[in-house]
Amino acid sequence: MSLPAWLKDAVFYEIYPQSFYDSNADGIGDLEGIIQKLGYVKSLGCNALWINPCFESPFMDAGYDVSDYKKIAPRYGANEDAKRLFEEAHKRGMKVLFDLVPGHTSDRHPWFRQSRKPERNEYSDRYIWTPNVFLYPEHYRWVSGVQDRDGNYMVNFFSSQPALNYGFEQRDEFWQLSPEDPACVSTLEAMKDVMRFWMDMGCDGFRVDMAASLVKNDPERTGIKRLWRNVREMFDRDYPENVLLSEWGDPEQSIDAGFHLDFYLHFESRGYNALFRDGNELSAGLSCYFSKEGRGDVTVFTKEYERRRAAARGRGYICLPTGNHDMVRLARRRTMAERKVAEAFILLMPTIPFIYYGDEIGLPYREGLVSKEGGFYRTGSRTPMQWTKGKNRGFSAADGELYLPVDPDPASPDAETQAGEEGSLLGFVKRLIALRHREEELQAGDNFEVLYAEKGKYPFIFRRGKFVVAVNPSGENAEAPLEGNYKEVLSVNAAARAEGGIVSVPAVSLTLFCAE
Ligand code: NOJ
Ligand code: CA
């Protein structure tokens with residue numbers, strides 16, 4: 001199995017298309033808007049994009065409810081714009097991943113409209129149905145009695161998202177199909193056809209939504225691994241430079257299943273939240289490591305990471321995001337100084353960094369917004385990118401309503417202001433990414449050694465080749481043993497001092513050292 005060489009130096013940027021840049025003043029971001037801002041993303045140093053779903057959809061879940069996998073949603077443009085986006089990105093040496101949602105469709109998808117008919121047809125088994133409405137094993141989620149077909153359909157997420165049928169690895173009921181059943185095989189072939197359609201147009205691969213969810217009743221994960229290895233074979237054979245990135249959050253499983261990349265996520269992992277989030281409970285205090293409260297435990301992350309790193313070694317990479325469209329923003333309840341330290345850390349780790357649009361300027365989480373398109377608490381992380389201090393913060397020239405409101409606070413960050421500001425978060429992000437591109441030892445890979453990580457203590461110190469990173473997110477100065485002589489390459493907020501076998505790291509700071 002080959003691993004595309006470009007991944008080693010990849011720095012990704014996630015774009016939520018509705019909120020990035022509106023090119024035609026209708027209040028919603030679009031593909032042309034992304035094309036116009038490619039120069040900006042490139043200027044950050046990012047060389048790959050992940051774009052959230054932009055296919056035709058009734059938007060009950062912001063586009064994760066697809067009604068046509070081969071058609072760009074008209075509000076974002078047309079397929080021609082996608083083609084241009086791939087071309088324009090490639091001209092600038094950038095890759096583009098689309099978001100593939102293979103686990104479910106919208107209930108408006110033509111396959112589902114066929115499947116729900118009482119008469120048997122080609123699509124009857126494309127989704128998972130029980131044989132009558134009064135039968136529903138309770139450990140799955142079903143929608144009951146709203147269709148003419150006598151049966152309940154399984155849902156994968158919201159009720160508007162019926163689960164596609166890839167079969168049951170273990171079958172407890174007579175109506176559960178095997179993954180080898182022709183109906184299930186044809187579901188997978190249809191999804192591979194969708195992948196080929198976009199890759200033949202220039203797309204460089206996919207972030208795969210709920211990648212572990214496809215095969216049901218699969219406790220050993222044998223069925224789901226078989227399925228993705230089949231897809232990976234197609235990649236290795238026909239698209240060897242393209243990549244599959246899973247929303248799985250368990251590299252020990254996903255890399256083995258054939259994914260090139262998997263995420264650290266705020267679920268399926270204790271490590272991510274131990275570093276950056278308290279989970280999604282908006283009321284909880286910040287007891288994670290990256291908080292000036294200083295109550296975190298970095299070893300929850302390091303122990304898990306060592307295991308995951310071993311599983312991915314030589315076979316794939318683990319991705320560490322600043323956030324995404326499903327989590328509360330990193331900026332929430334953190335000062336600008338704290339945001340800088342957290343993002344600098346992400347850019348210096350051996351994982352592949354993913355910057356969620358706006359996190360490079362510390363775009364705030366917007367509390368209390370009314371849910372938009374199935375966003376609920378996530379809505380506050382999906383507001384428009386703020387480009388300038390001008391009208392609609394430079395997001396759109398619309399006179400009417402925007403997809404979501406921009407921040408009414410004039411002090412709220414924007415890209416133009418930070419570009420002109422000494423020591424801004426944006427400036428640090430650019431400097432660190434540039435350094436990462438220059439220094440192979442700072443790129444993704446396996447050169448990582450923990451020098452100091454103690455339960456409930458600060459700082460955290462690790463080595464990457466000739467470099468040493470000392471980070472102290474807490475509000476108190478902290479010290480740790482460190483042998484050797486080092487000179488400072490860069491510091492965030494304040495510089496650490498390494499002397500006489502001890503490194504003193506000021507509160508809320510990060511220092512990158514190089515061995516002398
Ligand atoms: C994960 C996506 O990131 C999320 O936004 C979506 O709602 C669910 N999967 C369902 O597709
Ligand atoms: Ca628009």
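Before I start on strands: two of them pair if DSSP finds at least two bridges between them. Strands (E, at least two residues) and helices (H or I, at least four) are DSSP runs, numbered from the N terminus.

I'm looking at a predicted model, where local features need pLDDT of at least 70, side-chain atom pairs count only at pLDDT 80 or more, and totals for chains, interfaces and linings use all residues. Residues are numbered from 1 along each chain as its sequence is written, chains are lettered from A and ligands numbered from 1 in the order written, and side-chain values use heavy atoms, with hydrogens and water left out.

Entry: S9. I looked up the neighbours of S9 (residues 243–246). Strand S10 (residues 261–263) runs parallel to S9 and is joined to it by two bridges; here serine 246 stands opposite aspartate 262. Strand S8 (residues 205–208) also pairs with S9 in the parallel sense, over four bridges, and glycine 205 has valine 243 as its bridge partner. I then followed the chain from S8 through helix H6 (residues 222–238) to S9, and got a right-handed β-α-β unit. Right-handed here means that, with the strands pointing away from the viewer, the path from the first strand over the helix to the second runs clockwise.

Side chains next. Val243 and Leu245 point one way from S9, Leu244 and Ser246 the other, and all are buried. For burial I use under 20% relative accessible area as buried, over 50% as exposed, and partly exposed in between (1.4 Å probe, protein chains only).

Entry: S14. Strand S14 (residues 460–464) has four of its five residues buried, so it is largely enclosed by the rest of the structure. I checked both partners. Strand S13 (residues 449–452) pairs with S14 in the antiparallel sense over three bridges, with valine 450 partnered by phenylalanine 462. Strand S15 (residues 467–472) runs antiparallel to S14 too, joined by five bridges, and phenylalanine 460 stands opposite valine 471. The S14–S15 hairpin has two residues between the strands, and glycine 465 takes a positive phi near 60 degrees there. I also found a cis peptide bond from tyrosine 458 to proline 459, omega near -5 degrees; proline 459 is in the loop between S13 and S14.

Entry: ligand 1. I listed the residues around it, taking any with a heavy atom within 4 Å. They are Asp61, Tyr64, His104, Phe157, Arg207, Asp209, Met210, Glu247, His325, Asp326, Arg378 and Arg382. By class I get three nonpolar, two polar and seven charged.

For polar contacts with the ligand I take pairs of N or O atoms within 3.5 Å. An N or O atom in the side chain of arginine 207 is 3.0 Å from a ligand oxygen, and the side chain of arginine 378 also has one 3.0 Å from a ligand oxygen. Aspartate 209 puts a polar side-chain atom 2.7 Å from a ligand nitrogen. The protein covers 97% of the 290 Å² of accessible area that ligand 1 has on its own (Shrake-Rupley method, 1.4 Å probe).

Entry: Alanine 25, not a glycine, has a positive phi near 60 degrees. I placed alanine 25 in the loop between strand S1 (12–15) and helix H1 (31–36), partly exposed at 37% relative accessible area. Arginine 393 has a positive phi as well, near 50 degrees. Is arginine 393 buried or exposed? I get 6% relative accessibility, so arginine 393 counts as buried.

Note on methods: A polar contact is a pair of N or O atoms within 3.5 Å; within protein, one must be able to donate a hydrogen and the other to accept it, and residues adjacent in sequence count only if both atoms are side-chain atoms. Ala, Val, Leu, Ile, Met, Phe, Trp, Tyr, Cys and Pro count as nonpolar, Asp, Glu, Lys and Arg as charged, and the others, Gly among them, as polar.
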